[in-house]
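Visitor: I would like a close look at one part of this model, taken slowly and in one connected account.

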Amino acid sequence: MSLFTRKDRLPIPPKDAERFTTVCQYCSAGCGYNVFVWPVGKSGTAKNNAFGLDLSTPSPMLSGHSYTETMHNVITRKNGIKYNLAIIPARESRINKGDYSIRGGTNAIAAWSDTGYTKKRLKHPLLKKGDSFAAISWADATEIIASLIKSSIDKYGADSIAMKFFDHGSSGVGFEDNWAVGKLFLSGIRTNYLSIHNRPAYNSEVWGSRERGMHELNYDVDDARLADTVVLWGANAYEAATILYTEHIMPNLQGASVDEKKKEFDAGEPAAEGRLIVIDPRKNASVTVAEAIAKERVLHIRPNLGTDWILANAIARIAWENGWYDKLFLEKRTDLKTFEDYKTKSLQLSRTLNEVLAEAEKITGVGRSEMQQAAEWIAKPKAGGFRQRTLTIYEKGIIWNMKNYDQVAAIAQLNVLTSNVGRPGTGCGREGGHQEGYVRPPAPTPGSIYAGGPPKNVDKYLTGGGARIYWVGGTDPYLSTPNSQFFKKVLKKRCATLLDHIDEGGVPSDPKELIRRVLDGFEKTDGLFMIVQDIYMTHTGNDAMLILPAAAWGEAADTSVNCHSRLLRIYDKFMDAPGEALPDWKILSMVGIRLRELYTAAGNQEMADRFKEMDWKSDEEVFLAGSHEFGNNKIPETEEAKLSAECYKGVTHQILRKLGNTGIQTPVRVDPATGELTGTKRRYKYSFSTSDGLFKWYGTDAWSGYPAEIAKYIDNPTYPFWFTTGRSQLVWQTMYHDRHLPEKSFALPLPYIEVNPEDATRLGIKSGDMVEVFNEEGTSVALVYVNDACKPGLVFGIMYHAKGSMNHLTSSYTDPKTTMPWYKGTKVGIRPYRGTPDEAIKTTSLLANNDVS
Amino acid sequence: MSISRRKFLQSSTAGMALALFGLSGKAESASGKKYPSLRIGNIRELKAGEPVQFNYPDSTSPCTLVMLNETAIGGVGTLRNVVAFSSLCPHMGCPVNYKSGRFVCGCHYSMFDAAKNGQTYQGLASQWLAQVTLRFDKASGNIYAEGVEGLLYGRISNLNIS
């Protein structure tokens with residue numbers, strides 16, 4: 001009867017079960033988890049077990065102990081023995097306190113199991129031979145890659161190698177793997193054509209804040225409970241950083257953190273239930289859940305797509321006009337020279353308040369009263385003259401907006417203008433997507449157009465015929481890159497061209513012959529040799545020449561920091577990787593070592609030296625090697641701003657194992673007074689990360705309409721709908737795990753769009769129908785959910801899904817200052833699909849996910 | 001946890017009557033024990049959209065029986081629109097309330113589609129709501145609970161509680 005086999009009983013871990021601590025592999029929240037492993041056939045009892053609980057009576061609600069159907073799996077280790085695996089939320093973690101999201105709750109069933117849902121993991125290196133893949137040895141794979149890279153660099157230069165790799169933490173990678181990527185590509189190969197997993201270039205998503213002297217991870221999770229006002233700006237926390245919302249923002253709204261506030265606030269300072277401002281074109285569940293709790297303390301503002309920086313500047317102008325800032329703070333902590341530019345261009349002090357707000361209303365579509373309300377909640381001093389405490393959290397709605405640099409800068413500056421940084425209950429930073437774990441040698445492009453940039457657009461390079469080799473690691477650009485229908489069409493053709501050239505006269509067997517033919521193909525065709533390194537086969541991988549199987553989360557010891565506290569913890573190894581899969585750092589190490597040998601044999605010592613120091617023997621060795629990149633960290637607390645946000649120098653895997661779910665907050669210092677490793681709770685209490693410690697202001701651009709890639713659709717009746725994209729609560733990224741889990745694949749079977757009821761009526765469509773969404777960039781087929789999340793005229797689509805991508809529709813526009821795409825704004829037409837709807841709609845829910853009433 | 005206790009009390013399932021249990025359930029649990037067969041209502045007494053509370057498979061497990069306005073996965077009755085589910089959210093055990101075709105948790109707002117096997121279509125519950133297996137006796141109109149598909153919140157085994 002049930003759509004899939006359910007369990008009504010779970011194995012009990014015995015007292016002597018192996019235990020590990022880890023952190024969830026999914027979102028930026030980074031919830032703590034405990035792992036138990038014990039042989040199948042062994043069992044604890046209700047009264048005597050590794051949980052240390054009496055399991056003979058049901059747990060009371062909200063006990064903080066959860067062990068559900070999705071938290072158990074059976075795994076096989078290299079010794080061939082089957083083990084039970086239980087991964088349960090950690091009550092002792094101050095991040096999640098036993099709570100968990102729909103993603104984290106599946107950490108166990110997503111683990112590799114040769115008898116379970118995830119059996120399709122990649123197990124061996126694969127080489128395309130003819131029309132299909134055949135397993136090859138690591139030795140051959142390494143030889144092929146190293147030989148081709150060397151020959152390509154020697155003949156065509158380093159820029160003939162393009163790459164797209166993860167730069168984040170968690171999801172099976174961490175500081176360890178990032179250091180290895182950096183050593184191979186930044187120290188060794190030194191190509192300029194680098195790109196990060198989710199975008200076409202190698203750039204920060206938040207140079208607009210960093211170049212002001214404010215790293216984007218500056219607040220602590222406690223600040224979400226201590227703030228008078230939390231602002232979620234283009235950040236759907238309930239669905240994308242769920243535990244930040246339910247354990248920290250929600251209690252604040254409910255008034256459950258008032259006592260904490262009284263302890264942290266100044267004497268006599270008012271402490272009340274929190275308020276929430278959500279700035280998002282959609283009325284998503286982050287809005288409706290908050291409104292169900294305390295509607296009177298929730299403000300939802302819905303700006304027109306692409307206009308947020310104008311809104312931020314208008315709110316800042318209201319605050320300025322009312323004197324809701326601390327003059328002393330501005331004078332002592334910020335650079336008054338650049339402040340003039342901010343006053344002129346962003347606050348527009350040469351114009352009247354009325355003029356500025358009237359124009360802002362017209363551009364953003366946001367009423368003046370809402371701007372006024374937002375300014376009051378963000379900046380108006382409380383009774384007794386105490387400054388407001390506002391925590392502003394922004395994410396892809398801002399980062400992947402039009403004009404990435406100005407959007408981020410405007411929000412950062414609004415918060416600094418109103419002194420909302422460095423104090424309990426304040427901060428201004430990212431919500432984050434993944435957790436972080438970045439340590440690499442310096443990148444070729446240090447910053448935006450104002451600081452040595454912009455970086456190269458690798459997508460345009462590849463589609464324009466650039467590069468001979470393209471190495472993709474831990475990402476699926478066929479789904480995730482902008483304008484992806486065009487991108488994959490060109491890459492598919494270039495890969496096929498090379499394959500045809502190689503196969504002419506028969507498929508080669510000897511790797512040396514293969515290398516010879518590839519190099520010949522480089523000379524005679526525009527063919528591309530694509531390498532894909534991942535844990536499952538991907539959409540991109542289907543066109544690759546070579547597939548490299550990587551270890552996943554839990555199959556190597558990794559370290560990362562979460563985004564809301566920069567909390568460094570170990571994500572320990574508790575199981576073996578399938579088949580011959582290896583940690584990412586190990587794969588890169590093997591290629592680096594071989595390149596060094598090849599260059600040494602060729603007598604090119606200079607090139608050989610570029611690939612030195614890559615022969616790490618363990619996860620911890622790579623971690624420690626990376627730590628030297630951070631420089632001196634023996635400094636007092638007052639100088640913490642000088643440190644890199646993720647500095648972990650002095651920390652070892654062993655130390656982190658001892659700290660378990662407690663972890664330590666980066667940047668980590670060696671305190672000069674005590675000699676102890678010391679974490680940093682929140683940043684920028686004393687100074688900012690600039691040479692003189694002062695916050696650097698920036699005068700943002702004036703509104704000048706939409707870029708050509710979008711302007712062509714304005715007033716064109718064929719494309720009547722504005723189109724934006726985002727995540728779903730239910731699934732993680734490309735659904736690389738989720739597509740295999742029935743709980744997820746039944747509930748979210750197809751790529752989908754959300755359409756307002758008025759538009760649905762006009763189009764003659766209803767929930768459960770299929771449509772084609774189209775524009776001049778491409779087309780996507782989607783399932784329709786009709787709900788009131790979008791206003792009429794705006795359509796939302798899941799950004800990508802295992803079965804298709806909405807990035808077929810996104811344009812190739814990037815911010816000229818940062819090369820950051822505008823994934824979240826274009827225009828489309830919608831054509832109802834008249835065939836038989838997909839079978840999947842019979843078993844999936846079509847109810848509105850933003851209706852919690 | 002920082003959940004409003006008042007919210008919990010409002011949606012509490014307190015006051016539910018403990019029904020009498022039969023002895024010969026059909027379904028067998030993974031533990032080898034048999035689920036009891038329990039008459040939980042009669043189709044002529046049910047009104048669409050009006051939930052009825054009962055306990056199953058024992059007195060500490062609150063459940064909800066409801067007639068929907070649509071055919072449901074696992075539904076019984078001539079229109080296959082009568083379903084029953086555990087009333088405890090599989091996420092952290094808070095009560096779920098039936099409203100307009102779905103169950104909503106008052107603690108973290110997980111939502112489960114009653115016609116679609118109790119699937120989580122929004123919220124935090126990685127496990128779907130546990131659905132009670134029903135048997136419908138056409139002649140009498142009686143509805144019997146005869147098993148549970150899915151783990152009940154807070155238990156290591158649905159039937160192994162001693």
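How many residues does the contact take from chain B and from chain A?

Guide: In this predicted model, the contact takes 55 residues from chain B and 67 residues from chain A. The area buried between the two chains is about 4900 Å², and carbon and sulfur atoms give 57% of that area. On the chain B side, B:Tyr109, B:Ser126 and B:Ile156 together supply 15% of the area that chain B buries against chain A, which is more than any other three residues.

Polar contacts across the interface of chain B and chain A come to 31 residue pairs, with both residues at pLDDT 80 or more.

As for the elements involved, strand S6 (102-105), strand S7 (111-113), strand S8 (119-122) and strand S10 (142-149) of chain B each supply at least two residues of the side that touches chain A. The largest share of that side, four residues, comes from S8(B). Sorted by class, the side of chain B that touches chain A has 25 nonpolar residues and 24 polar ones, together with six charged residues.

Key
Residues numbered from 1 in each chain as written. Chains lettered and ligands numbered in written order. Predicted model: local features only at pLDDT ≥ 70, side-chain atom pairs only at ≥ 80, totals over all residues. Heavy atoms only, no water. Contact = heavy atoms within 4.5 Å. Buried area = accessible area lost by both parts, 1.4 Å probe. Polar contact = N/O pair within 3.5 Å; in protein donor to acceptor, adjacent residues only side chain to side chain. Nonpolar A, V, L, I, M, F, W, Y, C, P; charged D, E, K, R; others polar.
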